Amino acid sequence: MELRQIKYFIEVAKREHVTEAAHELHVAQSAVSRQIFNLEEELGVRLFFREGRNVKLTPIGERFLEHMMQAVKIIENAKREIEEYLDPEKGVVRIGFPSSLAAHTLPATISAFRKHYPEAKFQLNQGSYSYLIDGVVKGEFNLALIGPVPKKEKKIIGKTLFTEKIVALLPYNHRLANSPHLKLSQLRDDPFILFPQDFILREIIVKACSQLGFEPNVAFEGQDIDAIKGLVSAGLGVTLIPEITLIDSVPPSTVKIPLIEPSVTRTVGVIIPTDRKLLPTEMLFYEFLSEFFSMLDHFQN
């Protein structure tokens, strides 16, 4: 079994079409077909059903695909580890992050890191809370900035970097816009603008409201922080969002007000896998994160 055969097999499985796979691989269709045939002959099983011009994985083909994708990742990581062992300051950091950390936290961290290691490169993957955890577990990337830091996931380790406040964002003409601070119960009757169901920030807000005996009236939903800010700017409702997302500026026609009852917070940190080692450049970045946020905390206090 050759690595080339495995890569051809994975590409055909992804596209379910030999011609399209050959085009993506920049080789002749006959070459791809021949390698798939040779692979099936060697294994003694059919990996694909032929359906006209398309192909579908057989049940054993699906199992084989899972193993081969893991194998290719291991080989690629091994090659990268050797390259980064020779010069870790020029390697690649593959990292996931949520939209709430995209505007300030992630750029500030990367910028500070590259002052020390200017030739380091980054592959960035933005997604939801569950996407980030799943991505680290499956090896799509080896680190993810995340908030809150998960505590009960078996295949990842979480490290808290800082704790941030959740604040209220109101339209500028809201009845409470001039208040120095707010009790969450004062927003009981307001329309809320939140993330969709299953987003962790929504869960944090709904839980805080439920502790005070009410369920927020969700009038609108936004897929990311900027969408939610925009809907508040339009006067369509109120929201609670991490204060760090407002660090550079408060959106037009809105006001930011601290919450005092209850004080709503979330931890922000980094997760890594328990069953894989970080590659050298990733380890440099992982260790840098603790130093960077510890230093920020020192200056802020």
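Buried means under 20% relative accessible area, exposed means over 50%, and partly exposed is in between, with a 1.4 Å probe and protein chains only. Asp275 is exposed on that scale, at 54% relative accessible area. Hold on to that residue; we come back to it.

Some ground rules. This is a predicted model, where local features need pLDDT of at least 70, side-chain atom pairs count only at pLDDT 80 or more, and totals for chains, interfaces and linings use all residues. Residues are numbered from 1 along each chain as its sequence is written, and side-chain values use heavy atoms, with hydrogens and water left out.

UniProt lists residues 1–58 as "domain: HTH lysR-type", in an unreviewed entry. UniProt positions are in the numbering used here, feature names are shortened, and annotations may be inferred rather than shown by experiment. Over residues 1–58 the chain is 62% helix and 14% strand. The end C-alpha atoms of that stretch are 19 Å apart. Helices (H or I, at least four residues) and strands (E, at least two) are DSSP runs, numbered from the N terminus.

Now helix 1. It covers residues 3–15, 13 residues in total. From first C-alpha to last, helix 1 reaches 19 Å, close to the 18 Å expected at 1.5 Å a residue. That expected span is 1.5 Å times one less than the number of residues. Which residues of helix 1 are buried? Gln5, Ile6, Tyr8, Phe9, Ile10, Glu11, Val12 and Ala13.

Glu16 sits in the loop between helix 1 and helix 2. At 30% relative accessibility, Glu16 is partly exposed.

Side chains of opposite charge can pair when their charged atoms come close. A salt bridge here is a side-chain nitrogen of Lys or Arg within 4 Å of a carboxyl oxygen of Asp or Glu. How many turn up in a search of the whole structure? The count is 15.

One of them joins Glu16 and Lys56, at 3.0 Å from N to O. This pair links distant parts of the chain: Glu16 is in the loop between helix 1 and helix 2 (18–25), Lys56 is in strand 2 (residues 54–57), and they are 40 residues apart. Lys56 is partly exposed, at 33%.

Next pair: Arg175 and Asp190. Their closest N and O atoms are 2.9 Å apart. This pair too links distant parts of the chain, 15 residues apart. Arg175 lies in the loop between strand 6 (156–171) and strand 7 (182–183), and Asp190 in the loop between strand 7 and strand 8 (191–194). Arg175 is exposed, at 54% relative accessibility. Asp190 is buried, at 6%.

Back to Asp275, as promised. Its side chain meets that of Arg276 in a salt bridge, 3.6 Å from N to O. Arg276 is partly exposed, at 23% relative accessibility. Elsewhere, salt bridges that share partners join Glu11, Lys14, Arg15 and Glu24 into one network.

On a 1 Å grid over the protein atoms alone, a pocket is an open set of points with protein on both sides within 12 Å along at least five of seven lines, and lining residues have an atom within 4 Å of a point. The largest pocket has a volume of about 580 Å³. Volume here is the space filled by probe spheres set on the points, which are joined across faces, edges and corners. The lining has 20 residues, and Gln70, Lys73, Lys138, Gly139 and Arg276 lie nearest the centre. Where does the largest share of that lining come from? Helix 4, with nine residues. Helix 4 (59–86) and helix 6 (129–138) each supply at least two lining residues. By type, the lining has seven nonpolar, four polar and nine charged residues. Nonpolar covers Ala, Val, Leu, Ile, Met, Phe, Trp, Tyr, Cys and Pro; charged covers Asp, Glu, Lys and Arg; the others, Gly among them, are polar.

Last, the backbone. The Gly147 to Pro148 peptide bond is cis, with omega near -5°. Another cis bond joins Glu261 and Pro262, with omega about -10°. Ser253 has a positive phi of about 65° and is not a glycine. Ser253 lies in the loop between strand 10 (239–242) and strand 11.

Key. 1 Å grid on protein atoms, 1.4 Å probe; cavity = no way out; pocket = protein on both sides within 12 Å on 5 of 7 lines; lining within 4 Å.
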